[in-house]
Amino acid sequence: MENSIARNESTRKVALVVGAQGVIGGNLIQYLSTLDDWEIIGLSRRGGSSSERVRHISVDLLDQADTREKLKDLSTVTHVFYAAYQDKPTWAELVQPNLTMLVNVVEAIEETSPVLQHISLMQGYKVYGAHLGPFKTPARETDAFHMPPEFNVDQQLFLEARQKGKRWTWSAIRPSVVVGFGLGNPMNLAMVIAVYASLSKELGIPLRFPGKPGAYHSLLEMTDAGLLARATVWAATNERSANQAFNINNGDLFRWSEMWPKLARFFDLEVAPPLPMSLQVVMADKEPLWQRMQEKYGLAKIPYKDVSSWTFGDFVFSWDYDMFADGSKVRRFGFHEYVETEAMFLDVFADFRRRRIIP
């Protein structure tokens with residue numbers, strides 16, 4: 001009996017998902033909830049409604065004292081999945097808050113949980129300079145870091161230094177643009193497209209690609225949020241993946257010039273030639289229209305400011321250069337799943353409709 005108890009304790013896994021209310025953290029919790037051998041704790045500023053499988057904790061990760069106080073009893077955490085993000089206007093301003101939050105979490109959980117096994121860090125193609133302009137493609141995990149400031153790099157360097165001589169290991173997960181369900185999130189491209197298309201249909205106008213002319217024809221890729229969740233847990237529990245970085249993408253490439261008409265068909269819209277315009281500007285006066293649509297179609301009463309991030313849409317649609325990375329390393333290490341990007345978009349749009357987010 002004692003041996004059985006010991007085995008159960010040794011295989012017990014407790015996930016601390018940091019950034020639980022975002023697209024990435026929310027989908028990660030959803031996936032972990034399907035696995036019987038995980039207990040789940042979600043951290044976020046907003047907190048959440050706890051359930052039988054998930055315990056939510058509201059915490060200000062920028063406050064070291066609050067972080068230590070809220071995490072002081074989490075003595076059984078085995079895996080930290082770090083997906084928190086603090087948005088700021090400039091790249092330089094991103095460094096201090098995003099590094100501080102990670103440091104506060106790691107220091108607090110190291111102090112309180114002697115059974116810590118792994119820390120998973122969510123990054124992105126910013127480590128390759130993808131946000132700065134044309135970069136080497138396909139980007140590979142072995143590519144050199146670029147000139148700072150870059151918080152993704154600083155976070156990884158902190159983990160590498162902190163891990164030396166420790167029993168726990170780390171992994172760095174690098175997705176492309178992540179597509180999935182999530183509200184009030186600054187980086188949700190699917191919601192941008194869905195709301196933009198829904199407004200276009202209500203106004204009786206065709207769906208125009210709003211980005212730079214070159215962006216319509218560049219090669220890029222996406223990362224399905226569910227696929228990302230499965231890959232993240234795989235990397236955190238696979239011994240070969242210890243202290244490694246992995247690009248995680250769907251596995252196919254596309255151009256908006258080919259994808260845009262397919263997305264338009266989902267909304268029964270015609271496609272007109274692209275027209276460069278700032279969504280942040282042209283959508284600034286659409287709140288009254290969206291409120292009327294919510295009443296007309298019985299949509300969920302979500303504030304207009306939370307339903308989409310036009311700034312992020314402008315950012316993605318400005319990439320007039322190729323945006324993709326080599327995803328073969330994770331396959332060589334043993335993770336072989338993929339997702340067809342067109343099907344991903346259509347599935348997410350259908351999910352938005354089921355949730356009454358869009359008509």
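Colleague: Let's start with charges. How many salt bridges does the structure hold?
Modeller: The structure, which is a predicted model, holds 22 salt bridges. Side chains of opposite charge can pair when their charged atoms come close.

Colleague: Which residue does aspartate 60 pair with?
Modeller: Aspartate 60 forms a salt bridge with arginine 45, and the closest N and O atoms of the two are 3.2 Å apart. Aspartate 60 sits in the loop between strand S3 (54-58) and helix H3 (64-71), while arginine 45 sits in the loop between strand S2 (38-44) and S3, so the pair ties together parts that are 15 residues apart in sequence.

Colleague: And is arginine 45 buried or exposed?
Modeller: Arginine 45 is exposed, at a relative accessible area of 51%, whereas aspartate 60 counts as partly exposed, with 24% relative accessibility.

Colleague: What about arginine 230, which partner does that side chain meet?
Modeller: The side chain of arginine 230 meets that of glutamate 337 in a salt bridge, with an N to O distance of 2.6 Å. Arginine 230 belongs to helix H7 (residues 225-237) and glutamate 337 to the loop between helix H13 (328-332) and helix H14 (341-354), so this pair ties together parts that are 107 residues apart in sequence. Arginine 230 counts as partly exposed at 25% relative accessibility, and glutamate 337 also counts as partly exposed, at 34%.

Colleague: How far apart in helix H8 are lysine 262 and glutamate 258?
Modeller: They are four residues apart in helix H8 (residues 256-266), and therefore separated by about one helical turn.

Colleague: Which residues are joined into a network by salt bridges that share partners?
Modeller: One network formed in this way joins Arg68, Glu107, Glu110, Glu111, Arg162 and Lys166.

Colleague: Switching to helix packing, at what angle do H6 and H14 pack?
Modeller: Helix H6 (residues 189-203) packs against H14 at an angle of about 65°, and their axes are 10 Å apart. The two helices are therefore roughly perpendicular to each other, and H6 passes H14 in a right-handed crossing.

Colleague: Which residues make that contact between H6 and H14?
Modeller: On the H6 side the contact is made by Ala190, Met191, Ile193 and Ala194, and on the H14 side by Phe345, Val348, Phe349 and Phe352. Sorted by class, the contact of H6 with H14 has eight nonpolar residues, with no polar and no charged ones.

Colleague: And H8 against H14, how do their axes cross?
Modeller: The axes of H8 and H14 cross at roughly 30° and come within 11 Å, which makes H8 roughly parallel to H14. The crossing of H8 and H14 is right-handed.

Colleague: Which residues of H8 and H14 are involved there?
Modeller: H8 contributes Trp256, Met259, Lys262, Leu263 and Phe266, and H14 contributes Thr341, Glu342, Phe345, Leu346, Phe349, Ala350 and Arg353. By class, the contact of H8 with H14 has eight nonpolar, one polar and three charged residues.

Colleague: New topic. Is serine 241 buried or exposed?
Modeller: Serine 241 is buried, with a relative accessible area of 0%, and its place is in the loop between H7 and strand S10 (244-248).

Colleague: What is serine 241 in contact with, leaving aside neighbours within four places in sequence?
Modeller: With those neighbours left aside, serine 241 is in contact with Trp170, Ser171, Trp234, Ala235, Phe246 and Phe333.

Colleague: Backbone next. Is the peptide bond from threonine 137 to proline 138 cis or trans?
Modeller: That bond is cis, with omega near -5°, and proline 138 lies in the loop between strand S5 (118-122) and helix H5 (151-163). A cis peptide bond also joins proline 148 and proline 149, with omega about 15°, and proline 149 is found in the loop between S5 and H5.

Colleague: Last one, is the phi of asparagine 243 positive or negative?
Modeller: Asparagine 243 has a positive phi of about 60°, although it is not a glycine. Most residues other than glycine have a negative phi. Asparagine 243 is placed in the loop between H7 and S10, and it is partly exposed, with a relative accessible area of 29%. Arginine 356, not a glycine either, has a positive phi of about 60°; arginine 356 lies in the segment after H14 and is partly exposed, at 35% relative accessible area.

Note on methods: Residues are numbered from 1 along each chain as its sequence is written. This is a predicted model: local features need pLDDT of at least 70, side-chain atom pairs count only at pLDDT 80 or more; totals for chains, interfaces and linings use all residues. Side-chain values use heavy atoms; hydrogens and water are left out. A salt bridge is a side-chain nitrogen of Lys or Arg within 4 Å of a carboxyl oxygen of Asp or Glu. Buried means under 20% relative accessible area, exposed over 50%, partly exposed in between (1.4 Å probe, protein chains only). Axes are lines fitted to C-alpha atoms, for helices over the stretch in contact, and angles run from 0 to 180 degrees between N-to-C directions. Angles under 35 degrees count as roughly parallel, over 145 as roughly antiparallel, 65 to 115 as roughly perpendicular and the rest as oblique. A crossing is left-handed if the near helix is turned anticlockwise from the far one by less than a right angle, and right-handed if clockwise. Contact means heavy atoms within 4.5 Å. Ala, Val, Leu, Ile, Met, Phe, Trp, Tyr, Cys and Pro count as nonpolar, Asp, Glu, Lys and Arg as charged, and the others, Gly among them, as polar.
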